[in-house]
Every structure is written in structure tokens, then in C-alpha cells.
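Hi everyone, thanks for coming. Let's take a short walk through a structure together, so please have a look at what's on the screen.

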Amino acid sequence: MKEHIFEIISSAVRDMGEELENETLQHVSEETKLFGNGGALDSLALVSLIADVEEKIYDTFERAIVLADERAMSQRTSPFRDVGSLCNYVEKLLND
Amino acid sequence: MIHLKNYTDLTAQEHQDLLNIRNLTTIRNASTNIEEIDFTDHIRWIESLKTCSGKIYYAVFETNTLCGGIHLIQNNDETATWGIFFDPNTSVWVIASVTLYFIDRCFNHLGVTTLQSHIRTNNIPAIAFNRQLGFKPFCESDDFTLMQLDEMLWSAQKEKKILKNILQYATHYPINLESL
């Protein structure tokens with residue numbers, strides 16, 4: 001499951017990198033920083049990415065998850081800081 | 001649930017909550033007026049808004065918690081200036097959806113054809129945020145950068161992936177506008 005999630009997120013991040021003309025986002029790893037300190041996305045780009053990932057997760061797993069809810073926002077360590085933390089967060093929501 | 005409430009309809013406690021956010025150092029330093037605003041002066045200004053048709057100020061609530069403000073000031077029949085501020089803990093989702101909803105409303109319901117932003121030149125994130133929305137700088141000084149967005153450019157910008165995704169997503173979470 002984790003590999004599928006990583007592929008979905010990577011694909012969404014690469015699409016966003018193309019849109020933003022950001023070379024860093026074209027070469028995605030778990031360490032790729034997304035939002036916050038050193039992150040490549042601003043708030044609008046992050047929300048757009050979240051919408052994209054939710055849709056792709058639904059298409060693949062037939063499960064609707066909400067990434068930008070209060071739980072995510074209130075976590076001390078943001079699940080949106082890098083690709084690895086977002087993968088873990090999606091996996092956790094799918095297992096709930 | 002997100003809702004917008006006209007400043008003139010806020011309760012005393014809500015005015016205090018609004019000022020508490022507006023007077024945060026990070027927000028004051030990004031504002032045109034960097035001074036702290038006290039409650040009495042704020043209420044006096046609210047009274048003046050009640051007879052002023054060219055200024056619209058909304059407080060933003062997320063699940064009944066006041067988290068920021070958004071405004072529009074008509075400069076003339078076609079041009080207006082807008083601005084926003086949010087509690088730093090506000091979710092990016094709320095900021096994005098309220099911003100897009102408000103700008104779209106300015107062009108499609110309030111008769112604005114050109115929208116301007118007055119941003120402190122050292123406020124790099126705000127300038128980047130406005131650029132992402134399609135605003136272009138048209139006048140820069142050491143203190144302020146003036147940016148603007150016209151109706152046609154906004155329509156084109158909405159077709160780009162970033163804004164299109166957000167607008168599509170936002171249809172699941174309608175924003176409640178309490179009053180004009």
C-alpha cells in the first residue's frame with residue numbers, strides 16, 4: 001500500500017512542479033520538502049496538491065479521505081512538511 | 001464550516017477577538033497602519049463603516065471561531081483594493097478557499113473590473129501569494145508594492161491547475177455569507 005501511496009503523491013507533486021516550473025519538485029523522494037520551512041509550496045499550491053492527492057487516492061483505493069481537516073492542522077508536526085510525512089499520514093487515514 | 005460576517009454585525013466579544021488577531025505583531029507589521037488599534041478607536045471606526053457604502057469588511061469564522069478578516073474598498077466605479085489577514089494558526093484550506101471565493105465575488109457580483117493589492121515590499125510571502133492569484137506589480141517603492149488583477153486575467157488564472165483544483169474542491173464546502 002505504501003508504494004502505491006508514494007506513487008500517487010509523487011505524481012501529484014511532479015504535476016505541481018511542472019505547473020510552478022520548479023525543478024526540485026520534478027525529482028521526488030520521501031525527503032522532498034513541501035510546506036513550511038524550506039518547502040517548495042505556498043498555501044495555494046499546497047491546497048491544490050491536497051485536492052489532487054485526495055482525488056487520486058479515491059480513484060485508486062475507492063476511499064474518500066480528507067487531508068486538510070482540523071486533525072492535520074492541529075498536529076504538532078505538520079503532515080505536509082515533506083513527501084514522506086504526507087505518505088505516512090495518508091496511510092494512517094486509509095487504515096483508520 | 002466557513003462563514004463570513006460583516007464587521008458591522010459583530011458582537012463586542014467578536015470585535016475583541018478580531019482586534020486580538022489584527023494587533024499581533026506579525027500582522028500589524030504587514031499592515032498599512034502598523035500601530036496597535038485599541039478597542040474604543042476600533043468601535044468608532046466600525047460606526048463610520050455603517051454609513052460608508054464603498055467599504056466592505058468581513059470577519060472570517062471557521063466552525064464558529066473568528067480566524068481573520070477580508071475587505072474590499074472601492075477606489076472608483078471599477079477599481080477596488082482588497083486585503084486579508086488571518087490568525088497564523090488558520091488552516092491553509094480556509095485561507096485559500098476564502099480568498100478565491102472573495103476575489104471571484106468581487107469580479108462577478110460586486111462589479112469590480114480591476115482589483116488592487118497594496119503590499120509592504122518586504123512582505124515577500126504576500127507578494128508571492130498575490131502573484132499565484134494572478135496579480136501583477138504595477139508600482140513599486142521601498143515601502144509598498146502595488147499589484148493588480150483584472151477580470152480577464154482572473155478568468156484565465158482560474159483555468160490554471162492550481163486555482164482550478166482549489167475551486168473544484170471548494171464546491172464541496174460552501175462558504176456562508178451572513179450579510180452584505
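On chain B's side, Val92(B), Lys161(B) and Tyr169(B) supply 37% of the area that chain B buries against chain A, more than any other three residues.

Before I go on, this is a predicted model, where local features need pLDDT of at least 70, side-chain atom pairs count only at pLDDT 80 or more, and totals for chains, interfaces and linings use all residues. Residues are numbered from 1 along each chain as its sequence is written, chains are lettered from A and ligands numbered from 1 in the order in which they are written, and side-chain values use heavy atoms, with hydrogens and water left out.

So who takes part? The contact (heavy atoms within 4.5 Å) takes 18 residues from chain B and 20 residues from chain A.

How many salt bridges are there between chain B and chain A? The count is one, where a salt bridge is a side-chain nitrogen of Lys or Arg within 4 Å of a carboxyl oxygen of Asp or Glu. Its partners are Lys161(B) and Asp52(A), at 3.1 Å from N to O. Asp52(A) also meets Lys56(A) in a salt bridge, at 3.6 Å. Those two residues of chain A both lie in helix α2 (residues 43–61), four residues apart, about one turn of the helix. Over all chains, the search finds eight salt bridges.

Now, which elements does chain B use? Helices (H or I, at least four residues) and strands (E, at least two) are DSSP runs, numbered from the N terminus. There are six residue pairs in polar contact between chain B and chain A, both at pLDDT 80 or more. A polar contact is a pair of N or O atoms within 3.5 Å; within protein, one must be able to donate a hydrogen and the other to accept it, and residues adjacent in sequence count only if both atoms are side-chain atoms. On the side of chain B that touches chain A, α4 (92–108), α5 (124–133) and α7 (161–170) each give two or more residues. The largest share, six residues, comes from α7(B).

**The sheet in chain B**

Next, the strands. Chain B has an open sheet of eight strands with mixed pairing, in the order β6-β7-β5-β4-β3-β2-β1-β8; two strands pair if DSSP finds at least two bridges between them. Both β6 (136–140) and β8 (175–177) of chain B stand at the edges with a single partner strand each, so one side of each is left without a neighbour in the sheet.

Follow the β6 end for a moment. A hairpin joins β6(B) to β7(B) through three residues, and the two pair in the antiparallel sense over four bridges. Lys136(B) stands opposite Gln148(B) in β7(B), and Glu140(B) stands opposite Thr145(B). Seven antiparallel bridges then join β7(B) to β5(B).

Definitions and conventions:
Buried area is the accessible area (1.4 Å probe) that two parts lose on being put together, summed over both.
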